[in-house]
Amino acid sequence: MDGKILLHSDDLLRRSEDEMREVRWGKISMIFQGALNSLNPVLSVKEQIGEAMQAHGNFSGEEVDMAVSRLFKAVRLDPERRTNYPHEFSGGMKQRVMIAMALACNPEVVIADEPTTALDVIVQRQILELIRSLRDELHISMILITHDLSVVAQLCDKAVIMYAGKVVEKGDLHSIFESPMHPYTRALLKSIPKMEDAKTQELSYIHGSVPDLTGPVPACRFYGRCPHAQKICEEVDPPLGESSRGNYVACHFWRQIAQA
Amino acid sequence: MNSPSPTEPLIAIKDLKKWYPVRKGFLSRAKSEFVHAVDGVTLDIRKGEALSLVGESGCGKTTLARLMLRLVDPTEGTITLRGQDLLTANKREMHRIRTQMQAVFQDPYASLDPKQTILQIVSEPLTVNKLDKKHSDTLDRVTAALTAVGLNPPKSFLGKFPYELSGGQRQRVALARAIVIKPSLIVADEPVSMLDVSIRAEILGLMLKLKRELNLTYLFITHDLAVARYISDRMAVMYLGRVVEIGPAEEVCSNPVHPYTKALLLALPTTDPRKRSVEIGIKGEVPSPVNIPAGCRFKPRCPYAFEKCPVEPELLRAGNHHYAACYLAESPS
């Protein structure tokens, strides 16, 4: 393993396991994907949120109870239901419980890993609205992990596009969606059916599949699926260079592509 | 639909209901409550059309598909395929009817037997229906099906196992298995929702191509309205076991009448960051299908509910071949 992970200029990779336990949930917490499966079915949700709190400080039962009520209000759940068990909640409500749990220790960073993937469109919309307002109210930094570009468009300020283990493009949201530079980003955006497009418009798709990372890979990992690929792409790894202020792209031919 | 249809219906569903009993206790035999999974659906699918069924989880889409394939028997109602009643058909007749209907499921990782080769998987419908008398004939049919779904060269896939294929290739195999006995109807239950975004478009394009080339009829189940609009000619929106709106796909998406359809369309995430804060207007989640609200089943969540709504509306005409189970259809605003 190589590299650095800096939290307020503190390198987390140099911290011991004990020190990391403080950071986890205390400073960085996480909202997991499968809200339906990540709660313990035999504990009430209050006990589960309390468990996370107790791991980071000494709280009396009353303090936990008050904190859980407050968290329930924050995620727009009825605080009366804090002693209920997971099966008594719907999918959307369970995801709200998961969000409350992520907020239990006042973290600075919340990592949301596909927070709405298992939810229906209307509930997804409600959860995204909740996450957005909590972020604004509590001034939390947020990392959203998703395969769904439309969720990114709904929630984020900046976006980083990854392909086969590497960042291929990053920048502010409007640049990424309005003038994507990397051939992969462009292809991804074109492959989503959109209500605004004519119904008859043919969807384009990315030929082939992601390279097997256990074997040798071409210098530019998108080589082989890229319509613009040339010899240099197989041999020279394209650096992540600034394409416009604050926007970066890793492609040898982004200028030509942007002009075409 | 009571409208004059341009072509003969391939399959006609009338007043279809499927209620599952709920056991009250662990040992009790009392079955006083029911899950109203499908609660009175009337629907025609015309030959050569793609009808999509959209709605949130638990609205009865999949139960309706299972009823059509007669994987479960309905509580009430009729299903006819080319005029023949599926529910009174005996085992032998049903066998013959099933050769006209094939299914494609959501998860291409679970729907293919990991211990079978692609040849065995794709030829299984031929074996089951005793159409595999000659081995060379079977081989020809399987190769033709693999070619049709774009698995080239087909011979190189015959001996492979599912684990050697990518998600998109597996879904192509599932499609090949569905078309190998030349069915007229394919029931596809969320066939692209487990696939990566980039592969989704590929499979949707393939399904449109197969429909054109083989003159197939699709029942396409999805929760994604943009996908439904792209793939289908007509669209039926389901809510709590009933069809609440049905019409030409483009028409339903551009002129939705039912407040539920409107909300679904507004909730649809778009890739336009400027459209992020549109209010969807409806609150809460879908009620339990055990206790269906009285009157219009959408009433408790509906922002437009008025004095007529305590009586459940039938599908009312909202436009050309466009119907909605909402009194607002009578007086379009």
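Here are some questions and answers about the cores, the chain contacts and the salt bridges of this predicted model.

Q: Why is Arg172(B) called buried?
A: Buried means under 20% relative accessible area. Arg172(B) comes to 9% relative accessibility, so Arg172(B) counts as buried.

Q: What makes Arg172(B) and Glu202(B) a salt bridge?
A: The rule asks for a side-chain nitrogen of Lys or Arg within 4 Å of a carboxyl oxygen of Asp or Glu. Here the N to O distance is 2.8 Å, and the pair qualifies. Arg172(B) sits in helix α6 (residues 167-179) of chain B and Glu202(B) in helix α7 (residues 197-214) of chain B, so this pair links distant parts of the chain, 30 residues apart.

Q: How do you know that Arg135(A) and Asp136(A) form a salt bridge?
A: Their side chains meet at 3.4 Å, N to O, and the limit is within 4 Å.

Q: Why is Arg135(A) put in one accessibility class and Asp136(A) in another?
A: Buried means under 20%, and partly exposed lies between that and over 50%. Arg135(A), at 16%, therefore counts as buried, while Asp136(A), at 46%, counts as partly exposed.

Q: What ties Arg297(B) to Glu312(B)?
A: A salt bridge does, with the closest N and O atoms 2.8 Å apart. Both residues lie in the loop between α10 (259-267) and β11 (316-319) of chain B, so the pair ties together parts that are 15 residues apart in sequence. Arg297(B) is buried, with a relative accessible area of 5%, and Glu312(B) is partly exposed at 27%. Together with Asp39(B) and Arg242(B), they are linked in a network of salt bridges.

Q: How many salt bridges are there between chain A and chain B?
A: The count is zero.

Q: Which helix gives the most to the side of chain A that touches chain B?
A: That is α5(A), with eight residues. The area buried between the two chains is about 3600 Å², and carbon and sulfur atoms give 57% of it.

Q: Which residues touch the most other members of the largest nonpolar core?
A: Ile49(A), Phe72(A), Ile99(A), Phe177(A) and Tyr184(A) do, in a core of 67 residues. Helix α4 (residues 91-103) of chain A supplies the largest share, eight residues.

Technical notes
Residues are numbered from 1 along each chain as its sequence is written. Chains are lettered from A and ligands numbered from 1 in the order in which they are written. This is a predicted model: local features need pLDDT of at least 70, side-chain atom pairs count only at pLDDT 80 or more; totals for chains, interfaces and linings use all residues. Side-chain values use heavy atoms; hydrogens and water are left out. A nonpolar core is a set of buried Ala, Val, Leu, Ile, Met, Phe, Trp, Tyr and Cys residues joined through side-chain atoms within 4.5 Å. Buried means under 20% relative accessible area, exposed over 50%, partly exposed in between (1.4 Å probe, protein chains only). Helices (H or I, at least four residues) and strands (E, at least two) are DSSP runs, numbered from the N terminus. Buried area is the accessible area (1.4 Å probe) that two parts lose on being put together, summed over both.
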